[in-house]
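User: I would like to learn how to read helix packing and a ligand site. Can you take me through one example?

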Amino acid sequence: TGPLVDVRDVSVVFRKKRTLAAARQVRAVNDVTFHIAEGETFGLVGESGSGKSTTGRALLKLVPTESGSIKVAGHDVTNLRGGSLRRARRSMQMVFQDPYSSLDPSSTVAASIAEPLVVHERLSAKEARSRVNDLIEMVGLRASYAERYPYEFSGGQRQRLAIARAIALNPRFIVCDEAVSALDVSTQNQVINLLERLRAEFRLTYLFIAHDLAIVRHISHRVGVMYLGRIVETGPAERVYTAPAHPYTQALLSAIPDPRRRSGRIVLEGDLPDPARPPVGCPFQTRCGFVMDICKQRVPEHTAVEGGGEVACHLQTTGPTLAGSPLNDLV
Ligand code: SF4
Ligand code: MG
């Protein structure tokens with residue numbers, strides 16, 4: 001059997017009509033390929049605007065894809081419609097940064113968590129309520145909290161309740177989109193421990209999206225790094241963190257304080273380019289300290305990295321050329 005999540009050459013294009021004459025087209029996800037094994041956590045990192053959330057939403061068919069194929073738990077997501085889409089969605093859930101996306105502020109948490117059970121499993125009110133109590137205890141809270149409203153809880157507790165709602169229908173795959181990013185560090189660790197426990201207990205598979213590499217490190221088996229709609233590096237978390245191959249990954253990591261690291265901080269010059277007008281060739285060329293002529297002509301292909309995974313960088317295939325590489329200064 002193949003991976004639980006299999007994403008191949010997926011692109012998502014947004015067209016915003018500004019005026020009748022000029023439509024602005026943004027390739028938010030550009031030719032993205034990755035897979036996640038059952039029971040695995042795949043961390044997806046990158047700056048805001050890199051396309052990570054859109055990738056997560058595409059997997060759950062919350063945004064339409066332009067091209068490519070997505071398979072989740074045996075379903076060809078891109079072709080699902082109507083009733084079969086609704087059934088498939090039960091096995092795929094999402095936990096957002098803002099718990100109010102899944103917990104209705106004007107309803108008790110019992111009502112919010114019971115909703116999918118009533119809609120999809122047609123449980124009676126009494127059956128749903130007993131299941132809600134179990135779910136709330138499963139995420140480490142007291143069943144008696146069910147009658148309270150979301151505002152009565154701390155951020156960490158609200159995120160636990162959002163997780164309870166996400167696991168209510170026994171999903172196989174959960175997209176966590178910045179699910180712990182708004183929490184303080186110790187609460188982050190508690191929620192990550194909860195996600196880990198649930199993953200082991202129910203053999204869940206996660207796509208764990210975050211802009212912060214430090215958060216992703218401990219929960220992920222493998223990670224992918226996105227930049228301007230493309231995945232520029234993938235690999236086992238340990239390899240990516242100890243031997244990042246892509247200059248962008250190196251820059252992201254250098255921003256995390258680590259007394260054991262000898263190299264200094266690599267400061268990224270400039271901003272993310274306008275996604276509507278990405279550079280031709282390597283997407284990172286406008287901010288890369290190693291940029292070569294070929295980087296401005298061709299998109300680098302993904303090539304295998306020692307220690308596992310792949311990187312999309314011409315340094316790996318062509319090596320530095322004589323013109324225009326700062327590496328020459330060292331020779
Ligand atoms: Fe830098 Fe070129 Fe590699 Fe892109 S392909 S990351 S510009 S060296
Ligand atoms: Mg986002």
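Analyst: Start with two helices. The axes of helix 5 (residues 155-166) and helix 6 (residues 185-202) come within 10 Å and cross at roughly 20 degrees. Helix 5 is therefore roughly parallel to helix 6. This is a predicted model, where local features need pLDDT of at least 70, side-chain atom pairs count only at pLDDT 80 or more, and totals for chains, interfaces and linings use all residues. Residues are numbered from 1 along each chain as its sequence is written.

User: What counts as a helix, an axis and roughly parallel?

Analyst: Helices are DSSP runs (H or I, at least four residues), numbered from the N terminus. Axes are lines fitted to C-alpha atoms, for helices over the stretch in contact, and angles run from 0 to 180 degrees between N-to-C directions. Under 35 degrees is roughly parallel, and 65 to 115 is roughly perpendicular.

User: At what angle do helix 3 and helix 4 cross?

Analyst: Roughly 115 degrees, with the axes of helix 3 and helix 4 (residues 125-138) coming within 9 Å. Helix 3 and helix 4 are therefore roughly perpendicular. With helix 5, helix 3 (residues 109-121) crosses at roughly 25 degrees, the axes coming within 8 Å. That pair is therefore roughly parallel.

User: Which residues surround ligand 1?

Analyst: A residue is near a molecule if one of its heavy atoms lies within 4 Å of it. Around ligand 1 are residues including His246, Cys282, Cys288, Cys295, Cys313 and His314.

Key: Chains are lettered from A and ligands numbered from 1 in the order in which they are written. Side-chain values use heavy atoms; hydrogens and water are left out. Angles under 35 degrees count as roughly parallel, over 145 as roughly antiparallel, 65 to 115 as roughly perpendicular and the rest as oblique.
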